[in-house]
Amino acid sequence: MVLSHSVTDVLKRVGHLGRFQIMFLFLFIGNSLIDGSITFQFQALTIMPNVICKSERCKMLLEKENKDELICHINADEWEFDDVRHNWLTDFELYCENTYLKGMGTTVYFVGFMIGVSLLSALCDRFGRRRTNILLLVGNVLAILGLYHSKFLTQVYIFRFVLGFFHSGLSVCMFTAFCEFTLPNVGAFANVLSGTTFTVGGSLASLLAYHYRDWQDSLLPLLTLKAVFLIVYALFCPETPLWLLAKSKNSDALKSLNFVAKVNGHKLLTRDYELPHCSSEKSSDNPLKIIFSNNTLYDAITRLSFAWFTVSVCYYALQFSAGSLGDDEYGVMIWMGIVDVPSRLSIIYFAFKYGRKCSTRWYFTVCVVSLGLCLVPNVSVIYLGQMNLKSIFVLVGHGAGGAIFSLLYTYTSEVLPTLARSTGMSLCSTAARVASILSPFVIILNQISGSLIYFISMTCILTSMSLMKSIPETLNKQLPNNIADCEALFHGKSKIEQI
(Lines give C-alpha, C1' and ligand atoms only; values in the text may rest on other atoms or scores of the structure.)
Protein backbone atom coordinates (compact mmCIF):
# COMPACT_ATOMS: atom_id res chain seq x y z
CA MET A 1 0.00 0.00 0.00
CA VAL A 2 1.38 3.42 -0.94
CA LEU A 3 1.15 5.97 1.84
CA SER A 4 0.13 8.92 -0.37
CA HIS A 5 -2.89 6.95 -1.66
CA SER A 6 -4.05 5.93 1.79
CA VAL A 7 -3.59 9.35 3.40
CA THR A 8 -5.75 10.87 0.67
CA ASP A 9 -8.52 8.35 1.40
CA VAL A 10 -8.30 9.00 5.15
CA LEU A 11 -8.35 12.80 4.73
CA LYS A 12 -11.41 12.53 2.52
CA ARG A 13 -13.09 10.40 5.18
CA VAL A 14 -12.50 12.86 8.05
CA GLY A 15 -13.01 15.88 5.77
CA HIS A 16 -10.33 17.60 3.70
CA LEU A 17 -12.26 20.86 3.23
CA GLY A 18 -14.55 21.25 6.22
CA ARG A 19 -14.90 23.61 9.17
CA PHE A 20 -11.46 22.69 10.50
CA GLN A 21 -9.67 23.54 7.25
CA ILE A 22 -11.63 26.79 6.88
CA MET A 23 -10.67 27.80 10.42
CA PHE A 24 -7.03 26.94 9.71
CA LEU A 25 -7.22 28.85 6.42
CA PHE A 26 -8.30 32.02 8.22
CA LEU A 27 -5.36 31.64 10.60
CA PHE A 28 -2.98 31.10 7.70
CA ILE A 29 -4.07 34.04 5.55
CA GLY A 30 -4.60 36.31 8.56
CA ASN A 31 -1.04 35.68 9.64
CA SER A 32 0.13 36.50 6.10
CA LEU A 33 -1.76 39.81 6.24
CA ILE A 34 0.09 40.86 9.39
CA ASP A 35 3.44 39.63 8.11
CA GLY A 36 2.99 41.61 4.90
CA SER A 37 2.29 44.75 6.90
CA ILE A 38 5.34 44.20 9.11
CA THR A 39 7.60 43.45 6.13
CA PHE A 40 6.90 46.80 4.45
CA GLN A 41 6.42 48.70 7.70
CA PHE A 42 9.82 50.37 7.70
CA GLN A 43 9.30 51.77 4.23
CA ALA A 44 5.84 53.10 5.15
CA LEU A 45 7.06 54.65 8.41
CA THR A 46 10.06 56.40 6.82
CA ILE A 47 8.24 58.34 4.10
CA MET A 48 9.20 62.00 4.31
CA PRO A 49 6.27 64.36 5.05
CA ASN A 50 5.79 67.59 3.14
CA VAL A 51 8.04 70.51 4.06
CA ILE A 52 6.81 73.97 5.15
CA CYS A 53 9.24 76.78 4.38
CA LYS A 54 9.80 79.52 6.98
CA SER A 55 12.04 81.67 4.79
CA GLU A 56 11.82 83.14 1.31
CA ARG A 57 15.04 81.42 0.30
CA CYS A 58 13.54 78.07 1.21
CA LYS A 59 10.39 78.79 -0.82
CA MET A 60 12.44 79.72 -3.88
CA LEU A 61 14.62 76.62 -3.66
CA LEU A 62 11.65 74.31 -3.04
CA GLU A 63 10.28 75.20 -6.48
CA LYS A 64 13.48 73.96 -8.09
CA GLU A 65 14.69 71.14 -5.84
CA ASN A 66 13.40 67.92 -4.34
CA LYS A 67 12.43 68.33 -0.66
CA ASP A 68 14.72 65.44 0.31
CA GLU A 69 17.73 67.35 -1.04
CA LEU A 70 16.57 70.84 -0.05
CA ILE A 71 16.47 70.33 3.72
CA CYS A 72 20.04 69.03 3.69
CA HIS A 73 21.67 72.29 2.61
CA ILE A 74 19.56 74.97 4.28
CA ASN A 75 19.39 75.93 7.95
CA ALA A 76 17.16 73.89 10.24
CA ASP A 77 15.25 77.05 11.31
CA GLU A 78 14.18 77.71 7.71
CA TRP A 79 11.80 74.74 7.42
CA GLU A 80 9.63 72.26 9.32
CA PHE A 81 7.63 69.14 8.48
CA ASP A 82 4.04 69.77 7.40
CA ASP A 83 2.73 66.77 9.26
CA VAL A 84 1.53 66.27 12.82
CA ARG A 85 2.07 62.49 12.79
CA HIS A 86 5.28 61.00 14.10
CA ASN A 87 7.00 58.24 12.16
CA TRP A 88 10.48 56.73 12.31
CA LEU A 89 11.91 59.26 9.85
CA THR A 90 10.83 62.26 11.95
CA ASP A 91 11.51 60.74 15.39
CA PHE A 92 14.97 59.36 14.55
CA GLU A 93 15.96 61.98 11.90
CA LEU A 94 16.50 59.48 9.09
CA TYR A 95 17.28 62.08 6.43
CA CYS A 96 20.29 63.89 4.95
CA GLU A 97 23.44 62.22 6.30
CA ASN A 98 21.31 59.55 8.00
CA THR A 99 19.39 58.52 4.85
CA TYR A 100 21.36 55.27 4.58
CA LEU A 101 19.77 54.14 7.87
CA LYS A 102 16.40 53.85 6.10
CA GLY A 103 17.73 50.96 4.05
CA MET A 104 19.31 49.39 7.14
CA GLY A 105 15.90 49.10 8.80
CA THR A 106 14.66 46.74 6.10
CA THR A 107 18.00 44.98 5.73
CA VAL A 108 18.16 43.91 9.39
CA TYR A 109 14.64 42.53 9.05
CA PHE A 110 15.64 40.34 6.11
CA VAL A 111 18.90 39.32 7.81
CA GLY A 112 16.75 38.05 10.68
CA PHE A 113 14.49 36.36 8.15
CA MET A 114 17.40 34.61 6.44
CA ILE A 115 18.91 33.36 9.71
CA GLY A 116 15.53 32.34 11.08
CA VAL A 117 14.41 30.42 8.03
CA SER A 118 17.67 28.45 8.09
CA LEU A 119 17.29 27.45 11.75
CA LEU A 120 13.59 27.38 12.56
CA SER A 121 12.22 25.47 9.58
CA ALA A 122 14.41 22.48 10.50
CA LEU A 123 12.63 22.47 13.88
CA CYS A 124 9.34 22.12 12.01
CA ASP A 125 10.52 18.91 10.35
CA ARG A 126 12.25 17.49 13.42
CA PHE A 127 9.90 18.42 16.30
CA GLY A 128 6.58 18.82 14.53
CA ARG A 129 4.41 21.54 13.00
CA ARG A 130 2.27 22.32 16.07
CA ARG A 131 4.98 22.93 18.67
CA THR A 132 7.08 24.93 16.23
CA ASN A 133 4.18 27.16 15.12
CA ILE A 134 3.17 27.92 18.72
CA LEU A 135 6.77 28.83 19.57
CA LEU A 136 7.01 31.13 16.54
CA LEU A 137 3.66 32.83 17.23
CA VAL A 138 4.76 33.56 20.82
CA GLY A 139 8.01 35.01 19.46
CA ASN A 140 6.08 37.22 17.02
CA VAL A 141 3.83 38.61 19.77
CA LEU A 142 6.77 39.40 22.06
CA ALA A 143 8.76 41.03 19.23
CA ILE A 144 5.86 43.33 18.24
CA LEU A 145 5.39 44.23 21.91
CA GLY A 146 9.09 45.06 22.18
CA LEU A 147 8.92 47.20 19.02
CA TYR A 148 5.94 49.09 20.44
CA HIS A 149 7.98 50.09 23.52
CA SER A 150 11.16 50.99 21.58
CA LYS A 151 12.56 54.42 22.38
CA PHE A 152 15.75 54.39 20.32
CA LEU A 153 16.56 53.48 16.71
CA THR A 154 18.86 50.67 17.87
CA GLN A 155 15.94 49.07 19.70
CA VAL A 156 13.79 49.34 16.57
CA TYR A 157 16.49 47.56 14.56
CA ILE A 158 16.83 44.80 17.18
CA PHE A 159 13.12 44.04 17.29
CA ARG A 160 12.82 44.29 13.51
CA PHE A 161 15.55 41.65 13.33
CA VAL A 162 13.65 39.46 15.81
CA LEU A 163 10.41 39.90 13.84
CA GLY A 164 12.13 38.80 10.66
CA PHE A 165 13.66 35.84 12.51
CA PHE A 166 10.28 34.50 13.70
CA HIS A 167 8.33 35.49 10.58
CA SER A 168 10.57 33.34 8.41
CA GLY A 169 9.97 30.04 10.16
CA LEU A 170 6.27 30.76 10.71
CA SER A 171 5.55 31.48 7.04
CA VAL A 172 7.03 28.11 6.00
CA CYS A 173 5.84 25.94 8.89
CA MET A 174 2.27 27.29 8.89
CA PHE A 175 1.94 26.63 5.15
CA THR A 176 3.40 23.12 5.54
CA ALA A 177 0.97 22.34 8.36
CA PHE A 178 -2.07 23.45 6.37
CA CYS A 179 -1.03 21.43 3.32
CA GLU A 180 -0.78 18.28 5.43
CA PHE A 181 -4.36 18.64 6.68
CA THR A 182 -5.84 18.74 3.19
CA LEU A 183 -5.29 17.75 -0.45
CA PRO A 184 -2.50 19.39 -2.53
CA ASN A 185 -4.76 21.49 -4.76
CA VAL A 186 -6.54 22.93 -1.71
CA GLY A 187 -3.15 23.76 -0.22
CA ALA A 188 -2.13 25.47 -3.45
CA PHE A 189 -5.34 27.52 -3.43
CA ALA A 190 -4.70 28.53 0.20
CA ASN A 191 -1.19 29.63 -0.75
CA VAL A 192 -2.60 31.92 -3.46
CA LEU A 193 -4.91 33.53 -0.90
CA SER A 194 -2.01 33.84 1.54
CA GLY A 195 0.17 35.58 -1.04
CA THR A 196 -2.70 37.91 -1.90
CA THR A 197 -3.26 38.91 1.72
CA PHE A 198 0.51 39.39 2.15
CA THR A 199 0.52 42.08 -0.54
CA VAL A 200 -2.66 43.59 0.90
CA GLY A 201 -0.72 43.73 4.16
CA GLY A 202 1.90 45.84 2.39
CA SER A 203 -0.81 48.34 1.46
CA LEU A 204 -2.18 48.09 5.01
CA ALA A 205 1.22 49.20 6.34
CA SER A 206 0.97 52.37 4.27
CA LEU A 207 -2.64 52.99 5.36
CA LEU A 208 -1.81 52.49 9.05
CA ALA A 209 1.22 54.78 8.77
CA TYR A 210 -0.93 57.43 7.10
CA HIS A 211 -3.89 57.08 9.49
CA TYR A 212 -2.25 57.03 12.92
CA ARG A 213 -0.63 60.13 14.40
CA ASP A 214 1.96 58.13 16.35
CA TRP A 215 3.76 55.15 14.84
CA GLN A 216 3.34 53.12 18.05
CA ASP A 217 -0.45 53.17 17.58
CA SER A 218 -0.11 51.60 14.13
CA LEU A 219 1.33 48.49 15.82
CA LEU A 220 -1.63 47.85 18.15
CA PRO A 221 -3.96 46.24 15.53
CA LEU A 222 -1.13 43.92 14.45
CA LEU A 223 -0.29 42.97 18.04
CA THR A 224 -3.92 42.22 18.88
CA LEU A 225 -4.47 39.99 15.85
CA LYS A 226 -1.24 38.03 16.43
CA ALA A 227 -2.26 37.35 20.04
CA VAL A 228 -5.70 36.11 18.92
CA PHE A 229 -4.13 33.82 16.29
CA LEU A 230 -1.81 32.36 18.95
CA ILE A 231 -4.71 31.49 21.25
CA VAL A 232 -6.83 29.97 18.47
CA TYR A 233 -3.95 27.89 17.09
CA ALA A 234 -2.97 26.57 20.53
CA LEU A 235 -6.56 25.52 21.27
CA PHE A 236 -7.78 24.13 17.95
CA CYS A 237 -4.84 22.94 15.80
CA PRO A 238 -3.35 19.48 16.55
CA GLU A 239 -0.19 18.01 15.06
CA THR A 240 -0.56 17.04 11.41
CA PRO A 241 -1.35 13.36 10.76
CA LEU A 242 1.12 13.15 7.87
CA TRP A 243 4.05 14.21 10.07
CA LEU A 244 2.95 11.82 12.82
CA LEU A 245 2.74 8.94 10.34
CA ALA A 246 6.19 9.80 8.99
CA LYS A 247 7.43 9.56 12.59
CA SER A 248 5.60 6.22 13.03
CA LYS A 249 3.29 7.68 15.70
CA ASN A 250 0.14 6.04 14.40
CA SER A 251 -1.92 6.32 17.60
CA ASP A 252 -1.27 10.08 17.77
CA ALA A 253 -2.09 10.37 14.07
CA LEU A 254 -5.43 8.68 14.75
CA LYS A 255 -6.19 11.20 17.52
CA SER A 256 -5.31 14.08 15.19
CA LEU A 257 -7.55 12.73 12.43
CA ASN A 258 -10.43 12.20 14.87
CA PHE A 259 -10.11 15.79 16.09
CA VAL A 260 -10.44 16.97 12.49
CA ALA A 261 -13.38 14.62 11.93
CA LYS A 262 -15.13 15.91 15.07
CA VAL A 263 -14.75 19.57 14.07
CA ASN A 264 -15.90 18.78 10.51
CA GLY A 265 -18.91 16.81 11.76
CA HIS A 266 -17.73 13.52 10.24
CA LYS A 267 -17.80 10.05 11.75
CA LEU A 268 -14.83 9.29 14.00
CA LEU A 269 -12.32 6.60 13.08
CA THR A 270 -12.42 3.57 15.37
CA ARG A 271 -9.48 2.65 17.61
CA ASP A 272 -8.76 -0.45 15.58
CA TYR A 273 -8.74 1.53 12.32
CA GLU A 274 -5.55 0.48 10.57
CA LEU A 275 -3.57 3.44 9.32
CA PRO A 276 -0.92 2.78 6.66
CA HIS A 277 2.63 2.14 7.76
CA CYS A 278 5.14 4.70 6.60
CA SER A 279 8.07 3.31 4.61
CA SER A 280 10.12 6.47 4.42
CA GLU A 281 13.44 7.77 5.66
CA LYS A 282 14.39 7.14 9.26
CA SER A 283 12.53 9.58 11.50
CA SER A 284 15.88 10.41 13.16
CA ASP A 285 17.47 11.49 9.88
CA ASN A 286 18.53 15.11 9.65
CA PRO A 287 16.33 16.86 7.03
CA LEU A 288 19.42 18.48 5.50
CA LYS A 289 21.02 15.05 5.18
CA ILE A 290 17.95 13.78 3.33
CA ILE A 291 18.24 16.61 0.80
CA PHE A 292 22.01 16.76 0.26
CA SER A 293 22.51 13.00 0.13
CA ASN A 294 20.22 12.68 -2.89
CA ASN A 295 21.32 14.14 -6.23
CA THR A 296 17.75 14.63 -7.48
CA LEU A 297 16.68 16.66 -4.45
CA TYR A 298 19.95 18.59 -4.33
CA ASP A 299 19.65 19.57 -8.01
CA ALA A 300 16.00 20.56 -7.59
CA ILE A 301 16.71 22.71 -4.52
CA THR A 302 19.58 24.45 -6.32
CA ARG A 303 17.42 25.36 -9.32
CA LEU A 304 14.43 26.37 -7.24
CA SER A 305 16.62 28.44 -4.90
CA PHE A 306 17.88 30.54 -7.80
CA ALA A 307 14.29 31.06 -8.94
CA TRP A 308 13.36 32.27 -5.43
CA PHE A 309 16.41 34.56 -5.46
CA THR A 310 15.38 35.97 -8.83
CA VAL A 311 11.79 36.76 -7.95
CA SER A 312 12.89 38.34 -4.68
CA VAL A 313 15.34 40.60 -6.54
CA CYS A 314 12.57 41.74 -8.88
CA TYR A 315 9.76 42.01 -6.34
CA TYR A 316 11.48 43.88 -3.51
CA ALA A 317 13.78 46.00 -5.66
CA LEU A 318 10.74 47.33 -7.53
CA GLN A 319 8.94 47.84 -4.20
CA PHE A 320 11.79 49.91 -2.78
CA SER A 321 12.23 51.91 -5.99
CA ALA A 322 8.74 53.42 -5.61
CA GLY A 323 10.18 56.76 -4.52
CA SER A 324 12.20 57.16 -7.75
CA LEU A 325 9.30 56.79 -10.18
CA GLY A 326 8.18 60.40 -10.10
CA ASP A 327 4.73 59.71 -8.59
CA ASP A 328 3.40 59.98 -5.03
CA GLU A 329 5.20 57.33 -2.93
CA TYR A 330 2.23 56.55 -0.68
CA GLY A 331 0.07 56.13 -3.78
CA VAL A 332 2.54 53.88 -5.63
CA MET A 333 2.90 51.62 -2.57
CA ILE A 334 -0.87 51.26 -2.24
CA TRP A 335 -1.25 50.59 -5.98
CA MET A 336 1.42 47.88 -5.79
CA GLY A 337 -0.71 46.08 -3.24
CA ILE A 338 -3.89 46.60 -5.26
CA VAL A 339 -2.34 45.29 -8.50
CA ASP A 340 -0.87 42.29 -6.69
CA VAL A 341 -4.33 41.07 -5.65
CA PRO A 342 -5.72 40.21 -9.13
CA SER A 343 -2.24 39.09 -10.22
CA ARG A 344 -1.99 36.50 -7.45
CA LEU A 345 -5.63 35.47 -7.77
CA SER A 346 -5.08 34.79 -11.47
CA ILE A 347 -2.93 31.84 -10.36
CA ILE A 348 -6.11 30.04 -9.37
CA TYR A 349 -7.04 29.84 -13.05
CA PHE A 350 -3.65 29.41 -14.74
CA ALA A 351 -1.89 27.10 -12.25
CA PHE A 352 -4.90 24.79 -11.96
CA LYS A 353 -5.66 24.71 -15.68
CA TYR A 354 -2.21 24.81 -17.31
CA GLY A 355 -0.06 23.57 -14.42
CA ARG A 356 2.63 25.02 -12.16
CA LYS A 357 5.47 24.75 -14.65
CA CYS A 358 3.79 26.49 -17.59
CA SER A 359 2.30 29.19 -15.36
CA THR A 360 5.66 29.98 -13.76
CA ARG A 361 7.22 30.40 -17.19
CA TRP A 362 4.35 32.66 -18.33
CA TYR A 363 4.55 34.98 -15.31
CA PHE A 364 8.33 35.22 -15.66
CA THR A 365 7.76 36.29 -19.28
CA VAL A 366 5.30 39.01 -18.25
CA CYS A 367 7.79 40.25 -15.68
CA VAL A 368 10.75 40.43 -18.07
CA VAL A 369 8.70 42.19 -20.79
CA SER A 370 7.39 44.83 -18.38
CA LEU A 371 10.89 45.47 -17.05
CA GLY A 372 12.18 45.79 -20.62
CA LEU A 373 9.52 48.42 -21.36
CA CYS A 374 10.82 50.45 -18.40
CA LEU A 375 14.03 50.95 -20.40
CA VAL A 376 12.23 52.74 -23.23
CA PRO A 377 13.51 56.37 -23.41
CA ASN A 378 11.27 59.08 -21.90
CA VAL A 379 8.75 56.51 -20.64
CA SER A 380 8.63 58.27 -17.25
CA VAL A 381 7.37 61.55 -18.75
CA ILE A 382 4.40 60.00 -20.57
CA TYR A 383 1.32 60.01 -18.35
CA LEU A 384 -1.75 57.81 -18.51
CA GLY A 385 -4.20 59.56 -16.22
CA GLN A 386 -2.44 60.46 -12.96
CA MET A 387 0.41 57.94 -13.31
CA ASN A 388 3.37 57.82 -15.71
CA LEU A 389 3.95 54.79 -17.95
CA LYS A 390 7.12 53.71 -16.15
CA SER A 391 5.17 53.42 -12.88
CA ILE A 392 2.52 51.36 -14.68
CA PHE A 393 5.13 48.97 -16.15
CA VAL A 394 6.75 48.63 -12.70
CA LEU A 395 3.33 47.81 -11.21
CA VAL A 396 2.81 45.07 -13.83
CA GLY A 397 6.27 43.60 -13.20
CA HIS A 398 5.77 43.80 -9.45
CA GLY A 399 2.40 42.06 -9.77
CA ALA A 400 3.87 39.26 -11.89
CA GLY A 401 6.66 38.86 -9.32
CA GLY A 402 4.10 38.48 -6.55
CA ALA A 403 2.31 35.80 -8.55
CA ILE A 404 5.58 33.89 -9.04
CA PHE A 405 6.24 34.06 -5.29
CA SER A 406 2.94 32.30 -4.60
CA LEU A 407 3.56 29.75 -7.35
CA LEU A 408 7.04 28.89 -6.09
CA TYR A 409 5.77 28.31 -2.54
CA THR A 410 3.30 25.75 -3.90
CA TYR A 411 5.63 24.30 -6.55
CA THR A 412 8.51 23.77 -4.10
CA SER A 413 6.36 22.08 -1.44
CA GLU A 414 4.99 19.65 -4.04
CA VAL A 415 8.38 18.22 -5.09
CA LEU A 416 9.86 17.59 -1.62
CA PRO A 417 9.36 14.60 0.74
CA THR A 418 7.50 14.97 4.05
CA LEU A 419 10.45 14.87 6.47
CA ALA A 420 12.40 17.45 4.42
CA ARG A 421 9.57 19.59 3.05
CA SER A 422 9.84 22.47 5.50
CA THR A 423 13.65 22.41 5.47
CA GLY A 424 13.81 22.38 1.67
CA MET A 425 11.46 25.34 1.47
CA SER A 426 13.57 27.14 4.06
CA LEU A 427 16.69 26.69 1.91
CA CYS A 428 14.89 28.25 -1.05
CA SER A 429 13.54 31.01 1.17
CA THR A 430 17.07 31.71 2.44
CA ALA A 431 18.16 32.38 -1.15
CA ALA A 432 15.23 34.77 -1.52
CA ARG A 433 16.19 36.60 1.67
CA VAL A 434 19.74 37.17 0.42
CA ALA A 435 18.16 39.11 -2.44
CA SER A 436 15.77 40.83 -0.03
CA ILE A 437 18.66 42.02 2.14
CA LEU A 438 20.28 43.64 -0.90
CA SER A 439 17.08 45.10 -2.36
CA PRO A 440 16.74 48.23 -0.13
CA PHE A 441 20.04 49.46 -1.57
CA VAL A 442 18.41 49.80 -4.98
CA ILE A 443 18.46 53.50 -4.14
CA ILE A 444 22.25 53.42 -4.62
CA LEU A 445 21.88 51.68 -8.00
CA ASN A 446 19.39 54.33 -9.07
CA GLN A 447 21.98 57.00 -8.29
CA ILE A 448 24.48 55.26 -10.57
CA SER A 449 21.99 54.47 -13.33
CA GLY A 450 18.22 54.20 -13.28
CA SER A 451 18.43 51.28 -15.73
CA LEU A 452 20.76 48.99 -13.75
CA ILE A 453 18.08 47.34 -11.61
CA TYR A 454 16.04 46.46 -14.72
CA PHE A 455 19.02 44.91 -16.52
CA ILE A 456 19.98 42.86 -13.46
CA SER A 457 16.41 41.64 -12.92
CA MET A 458 15.93 40.68 -16.57
CA THR A 459 19.20 38.71 -16.64
CA CYS A 460 18.22 36.77 -13.50
CA ILE A 461 14.76 36.01 -14.91
CA LEU A 462 16.06 34.63 -18.21
CA THR A 463 18.56 32.43 -16.33
CA SER A 464 15.83 31.12 -14.01
CA MET A 465 13.54 30.27 -16.90
CA SER A 466 16.31 28.12 -18.35
CA LEU A 467 17.09 26.35 -15.05
CA MET A 468 13.44 25.60 -14.23
CA LYS A 469 12.97 23.43 -17.34
CA SER A 470 14.01 20.26 -15.48
CA ILE A 471 11.53 20.71 -12.60
CA PRO A 472 8.57 18.35 -13.26
CA GLU A 473 4.90 19.28 -13.37
CA THR A 474 3.07 18.60 -10.08
CA LEU A 475 -0.52 19.46 -10.99
CA ASN A 476 -2.95 16.84 -9.58
CA LYS A 477 -0.08 14.78 -8.12
CA GLN A 478 0.11 13.56 -4.53
CA LEU A 479 2.63 15.14 -2.17
CA PRO A 480 5.71 12.86 -2.24
CA ASN A 481 6.23 11.21 1.13
CA ASN A 482 9.75 9.86 0.67
CA ILE A 483 12.75 9.93 -1.66
CA ALA A 484 11.35 7.09 -3.76
CA ASP A 485 8.26 9.19 -4.48
CA CYS A 486 10.48 12.13 -5.46
CA GLU A 487 12.53 9.96 -7.81
CA ALA A 488 9.32 8.73 -9.41
CA LEU A 489 8.11 12.30 -9.85
CA PHE A 490 11.35 13.54 -11.43
CA HIS A 491 12.34 10.50 -13.48
CA GLY A 492 9.05 8.75 -14.14
CA LYS A 493 10.21 5.37 -12.79
CA SER A 494 6.71 4.87 -11.41
CA LYS A 495 3.60 6.93 -11.17
CA ILE A 496 2.51 8.91 -8.11
CA GLU A 497 -1.26 8.73 -7.84
CA GLN A 498 -3.30 11.34 -9.67
CA ILE A 499 -5.84 13.07 -7.46
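## Disulfides

C124 and C173 form a disulfide, with sulfur atoms 2.0 Å apart. Here a disulfide means a pair of cysteine sulfur atoms within 2.5 Å. The torsion about this S-S bond is about 80 degrees, so the link of C124 and C173 is right-handed. C124 sits in helix 7 (residues 100–127) and C173 in helix 9, so the pair ties together parts that are 49 residues apart in sequence. Helices are DSSP runs (H or I, at least four residues), numbered from the N terminus. The model is predicted: local features need pLDDT of at least 70 and side-chain atom pairs count only at pLDDT 80 or more, while totals for chains, interfaces and linings use all residues. Residues are numbered from 1 along each chain as its sequence is written, and side-chain values use heavy atoms, with hydrogens and water left out.

How many disulfides does a search of the whole structure find? The search finds 2. A disulfide also joins C53 to C58, with an S to S distance of 2.1 Å. The link of C53 and C58 is left-handed, with -60 degrees about the S-S bond.

## Cysteines and burial

Buried means under 20% relative accessible area, exposed over 50%, and partly exposed in between (1.4 Å probe, protein chains only). C53 and C58 are both buried. C124 counts as buried, at 0% relative accessibility. C173 counts as buried too, at 0%. C237 is buried at 1%.

C314 is buried, with a relative accessible area of 2%. Its closest cysteine sulfur is in C367, 4.4 Å away, too far for a bond.

## The largest nonpolar core

A nonpolar core is a set of buried Ala, Val, Leu, Ile, Met, Phe, Trp, Tyr and Cys residues joined through side-chain atoms within 4.5 Å. The largest one has 140 residues, and F24 and W88 touch the most other members. Helix 9 (residues 153–179) gives the largest share of this core, 13 residues.

What does F24 contact, leaving aside its neighbours within four places in sequence? F24 is in contact with M174, A177, F178, F181, Y233 and C237. Contact means heavy atoms within 4.5 Å.

## Helix 8

Helix 8 (residues 129–148) has 20 residues. From first C-alpha to last, helix 8 reaches 29 Å, close to the 28 Å expected at 1.5 Å a residue. That expected span is 1.5 Å times one less than the number of residues.

The buried residues of helix 8 include R129, T132, N133, L136, L137 and G139. Also among them are N140, V141, A143, I144, G146 and L147.

Note on methods. Helices (H or I, at least four residues) and strands (E, at least two) are DSSP runs, numbered from the N terminus.
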